[in-house]
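The entries below follow the order in which I looked.

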Amino acid sequence: MALLEGRKISKAFGGVQALNQVDFVVEPGTIVGLIGPNGAGKTTLFNAVAGAFKPTSGKVVFDGTDVTGLPANAICRRGMARTFQVTRPFAAMTCLENVMVAAINRHPAKPRSFIETFAREKLSFVGLAEMEGFEARHLNVIQKKRLEMARAIATEPKLLMLDEVLGGLNTQEIGQAVEFIRSLRDRLGLTVLWIEHVMGAVMKAAERVIVLDQGQVLMAGTPAEVVADPRVIHAYLGE
Amino acid sequence: MTGKKLTVIAAIILAGMCVLPLGLGIYPQHVLIVSLFYVMMASSWNLLAGYTGQVSFGHAAMAGIGAYTSGILAVKAGIDPWIGVCAGTAIAALLGLGLGALCLKMGGIYLSLTTLAFSQILHIVIVNEYDVTRGTMGLQVPGLMAEYSKITYYYIMLAAAVLMLTILYRMIHSNLGLNFRAVQNDEAAAKSVGVKVLQVRILAFTVASAMAGFAGGLYGHYLLLITPEIPSLDLQFNVLAMTVIGGMGSFIGPIIGAFALNILAEKIRDYGEYHVLVFGLVALVVARFAPNGLLGLWRRFRTPTAHPLVK
């Protein structure tokens, strides 16, 4: 059974049809890339799936239950976590506190000592251990992206949705990041749905790729199938 | 600072506060009592505005609700003021719940304007419902005890303030406090990590309003004359200025702000009511140049190297 399934998801903003009858599945234990040109509707799809807003029509089925239109916090509790394209850390809170917020809502009954240890583990997992006492507003963009990942992981999700976490990295760093995203699955057992513009990285780390274009699914398949498809090349490069 | 050290400091300050009024005359005692009222108002408003980011202008109105509820019950039905204060607290909590729910989808200036409207409507009702409230003449109410004693009132207000600050402190340092701050920092992000944002916001409104109602109830029975001055914008802006100048979003800031500004206001009373204007201007300047208030300035001065190491 698919962990996440979108059935004919549509979203209109006024007259703009941002998503049009989008169907897709994410199988458990896979890393799925979500790609497409600017304005294709990738982040809109994330928002509709994760409960930031309700799709105009269509269904989101997560882990066997219909979660369409549930508030983001309820969806999070069911095991879906996300990061944001434009990062949204709790700016005036320390890095440790940022992660603790996620931890206390996953483990409300646990004592503070447990929560702190738990949050520190997540911070070291993303390589921010030494920043724990700094307010999040002092971090650079890359560190903020990592902080958001730590925060998302601390909700102990089944599915982690990453929205462009590689922007601003150089080639070597991208290689490390690809390893990191693989480790999310291999070490933490997460399923990953991942929006990314850095095509090389997606092709290396993802097992399946969904291509969105103008609010519709252009195709879905293995990375090799996707790069070879003339429709995809056309969508990115034009005639 | 460790918990133990903090407890010791708190105990010393409390002991100081207990002996402080003994050598003082009636007038300084009065100033201290009013200061304690403002400590309660500013600290509870800080929970709402400083910790969850809901800048309500209806906080003084909630104190008015507490004062008038208790006062009217005592005058019209002969109910014991202590029970009246509890009733006032409960009504303020209920109205806070309603106002919080009304403002749930609002943020920033819209929430402020809605609560401002609530406060103004209440003010107009109180001024005009002369039969019930005695309008601007004020409602004469009985005191909390049979024999009037300034020093007893001082200890009652001190105990009430200590109780309230203890509750606030525990709340801020619990999981709830983390959730409050997460909501203030970024609602969408808070939701995305499982914070029940709507519950958190309404809870903050309810608790803060109950506290304002409680403080207002006690204050009314201390003054013995409840006037529309309590649920007024003047009082609201005093509370705002105290919190902002003291240090919004910190536990100690509003306490310092309340004492400092109330005592200062008494000192410059001879020059008329200009202190409200002055405090407003100072609050503006502080909010612009030292958003964490006097406390923030002091902390920055103490730890000048607390700057980021950006990699």
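**Entry on domains.** In this predicted model, I looked up how chain A is divided, and I found domain 1, made of the two stretches 1-79 and 157-239, and domain 2, which covers 89-156. I then looked up the C-alpha centres of domain 1 and domain 2 of chain A, and they lie 24 Å apart. For the contact between these domains, I noted that 7 residues come from domain 1 of chain A and 8 residues from domain 2 of chain A.

**Entry on the fold of chain A.** I looked up the secondary structure of chain A, which comes to 9 helices and 10 strands. Along its principal axes, the C-alpha trace of chain A spans about 55 × 40 × 35 Å. Why did I compare chain A, with its 239 residues, with a compact globule? I did so because a compact globule with 239 residues would have a radius of gyration near 18 Å, and the 18 Å of chain A agrees with that. I also wrote down that 46% of the 239 residues of chain A count as buried. Among the contacts in chain A with a separation of 6 or more, 65% are accounted for by residues 24 or more positions apart.

**Entry on the two chains together.** How many residues of chain B are in contact with chain A? I found 20 residues of chain B in contact with 27 residues of chain A. On the side of chain B that touches chain A, α8 (175-185) and α9 (187-192) of chain B each supply at least two residues, and the largest share, 6 residues, comes from α8(B). By class, I noted 10 nonpolar, 5 polar and 5 charged residues on this side of chain B.

**Entry on confidence.** I looked up the scores of the model, which are ipTM 0.90 and pTM 0.87. Chain B averages a pLDDT of 89, and 96% of its residues score at least 70. Where in chain B does pLDDT stay under 50? I found that this holds over residues 304-311 of chain B, for which the model has 5 contacts beyond four places in sequence.

How values were computed: Residues are numbered from 1 along each chain as its sequence is written. Chains are lettered from A and ligands numbered from 1 in the order in which they are written. This is a predicted model: local features need pLDDT of at least 70, side-chain atom pairs count only at pLDDT 80 or more; totals for chains, interfaces and linings use all residues. Two residues are in contact if their C-beta atoms, placed from the backbone, lie within 7 Å. Helices (H or I, at least four residues) and strands (E, at least two) are DSSP runs, numbered from the N terminus. Ala, Val, Leu, Ile, Met, Phe, Trp, Tyr, Cys and Pro count as nonpolar, Asp, Glu, Lys and Arg as charged, and the others, Gly among them, as polar. Domain bounds come from an automatic or database domain assignment. pLDDT is the predictor's confidence in each residue, from 0 to 100. The radius of gyration is taken over C-alpha atoms; the globule rule is 2.2 Å times the number of residues to the power 0.38. A residue is buried if 20 or more other C-beta atoms lie within 10 Å of its own, exposed if 12 or fewer, and partly exposed in between; C-beta atoms are placed from the backbone.
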